[in-house]
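Work through the exercises below with the sequence and the structure open. Try each task before reading its solution.

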Amino acid sequence: MWLLVICLVAFPLLYEWSITFKYFCKMAFYNGWILTLAILAIPICAVRGRNVENMKVLRFMLLHIKYLYGIKIEVRGWENFNIKEPYVVVSNHQSSLDLLGMMEILPGRCVPIAKRELMYAGTAGLACWLAGVIFINRKKTDDAISVMSEAAETMLKEDVRVWVFPEGTRNHSGSLLPFKRGAFHLAVQAQVPVIPVVMSSYKDFYSKKDRKFATGKCTVRILPGVPTLGLSPDDVPDLTDRVRGLMLDAFSQMSTERPGKEPGGIH
Ligand SMILES: CCCCCCCCCCCCCCCCC(=O)SCCNC(=O)CCNC(=O)[C@H](O)C(C)(C)COP(=O)(O)OP(=O)(O)OC[C@H]1O[C@@H](n2cnc3c(N)ncnc32)[C@H](O)[C@@H]1OP(=O)(O)O
Ligand SMILES: CCCCCCCC/C=C\CCCCCCCC(=O)OC[C@@H](O)COP(=O)(O)O
């Protein structure tokens, strides 16, 4: 009788504990493996010095991680990246796992904008710096804005694309936070299109809150570019709302799709 009670209490506890334990191990390995890969990437990148072409090195070194974690990534809308000129990519930001979706589709000569703290993340920070990642100080708005204005010039002069997470922070809520306007100011200043990218919710396989990390599938949708030619800074709020609306529609649509079922017309 007592044995039965102990089993009834212990098994669910052990089960819960093993899910949590698995989560922490998988997250620790994720960060540790990236830090280790960066040790290999640094000398390769250092040959060229700080250069956006080094982003290719990081991309190829990170592409296999999805297989280690059993995450299937399906990409739709590749054709929307077929633009020769620079553009600003904006995407939703759920977790550090976004790195996998980002590396899956990262276009050539494209650098992300990241918080300055990432520069101090040991070997990963140095690898990011060598690959030309643009660091901003979120605590100093003026500094951040001037770095982004510089980025607008660099985009045109050096033919560089920029990837921004307009939510400005990781968001586990299963929707989109209000967008900050920096990415849209950047696109208007450089007069280049904004290309929205939406990554489907990870909730089926990953949750920081529930400490869950299983295998699963994520869809990444590249939406058609939104032109900014002729727009002025006064149009930025409107542009921001329009792009967020498009992304929210795509995100909601992807969230209601049954996994594995492909809707007609979108590839
Ligand atoms: C093999 C080994 C590999 C190892 C390495 C592996 C890594 C590989 C590389 C991958 C790296 C990926 C890194 C991802 C990291 C992601 C992040 O860090 S997300 C966090 C940082 N990103 C952002 O914050 C971007 C979005 N934020 C913004 O756009 C913000 O607007 C801001 C420019 C940062 C300023 O923010 P804040 O200080 O909060 O101020 P706001 O209220 O937003 O703005 C104030 C005011 O200013 C206007 N404004 C904004 N930008 C401009 C501009 N460029 N020009 C003019 N005006 C601007 C804004 O509109 C506000 O005015 P308003 O009247 O209220 O509209
Ligand atoms: C010797 C120092 C060692 C430091 C160890 C740090 C461990 C970090 C290890 C690997 C870095 C992995 C790179 C992942 C890139 C994704 C970054 C990311 O997602 O940043 C979060 C940022 O967008 C928003 O931050 P907040 O949600 O506002 O917070």
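**Exercise 1.** Find the side chain with which the side chain of Ser-91 makes a polar contact.

Solution. Step 1: a polar contact is a pair of N or O atoms within 3.5 Å; within protein, one must be able to donate a hydrogen and the other to accept it, and residues adjacent in sequence count only if both atoms are side-chain atoms. Step 2: the partner is the side chain of Trp-163, at 3.1 Å. Step 3: place Ser-91 in the fold, in strand β2, which runs over residues 88-91. Strands (E, at least two residues) and helices (H or I, at least four) are DSSP runs, numbered from the N terminus. Step 4: list the wider surroundings, where contact means heavy atoms within 4.5 Å. Leaving out residues up to four places away in sequence, Ser-91 touches Trp-163, Val-164, Phe-165, Pro-166, Val-197, Met-199 and Met-247.

The model is predicted: local features need pLDDT of at least 70, side-chain atom pairs count only at pLDDT 80 or more, and totals for chains, interfaces and linings use all residues. Residues are numbered from 1 along each chain as its sequence is written, chains are lettered from A and ligands numbered from 1 in the order in which they are written, and side-chain values use heavy atoms, with hydrogens and water left out.

**Exercise 2.** Why does Ser-91 count as buried, and why is Cys-25 called partly exposed?

Solution. Step 1: buried means under 20% relative accessible area, exposed over 50%, and partly exposed in between (1.4 Å probe, protein chains only). Step 2: Ser-91 counts as buried because its relative accessibility is 0%. Step 3: Cys-25 has a relative accessible area of 38%, so the residue is partly exposed. Step 4: Cys-25 is found in helix α1, residues 2-46.

**Exercise 3.** Describe the surroundings of ligand 2.

Solution. Step 1: a residue is near a molecule if one of its heavy atoms lies within 4 Å of it. The residues around ligand 2 include Asn-31, His-93, Lys-115, Arg-138 and Arg-170. Step 2: sort the shell, which divides into 4 nonpolar, 5 polar and 3 charged residues. Here Ala, Val, Leu, Ile, Met, Phe, Trp, Tyr, Cys and Pro count as nonpolar, Asp, Glu, Lys and Arg as charged, and the others, Gly among them, as polar. Step 3: find the oxygen atoms of the ligand. One is 3.0 Å from an N or O atom in the side chain of Lys-115, and an oxygen atom is also 3.0 Å from such an atom in the side chain of Arg-138. For Arg-170, a polar side-chain atom lies 2.8 Å from an oxygen atom of ligand 2. Step 4: of the 760 Å² of accessible area that ligand 2 has on its own, the protein covers 66%. Areas come from the Shrake-Rupley method with a 1.4 Å probe; for residues, only the protein chains shown count as cover. Step 5: α1 and α5 (122-130) are the elements that give two or more residues to this shell.

**Exercise 4.** Which residues come nearest to ligand 1?

Solution. Step 1: of the 33 residues around ligand 1, the nearest are Lys-115, Thr-141, Lys-180, Arg-181 and Gly-182. Step 2: a polar side-chain atom of Thr-141 lies 2.6 Å from an oxygen atom of ligand 1, and a polar backbone atom of Lys-115 is 2.8 Å from one. Step 3: ligand 1 alone exposes 1300 Å², of which the protein buries 79%. Step 4: the shell divides into 23 nonpolar, 6 polar and 4 charged residues.
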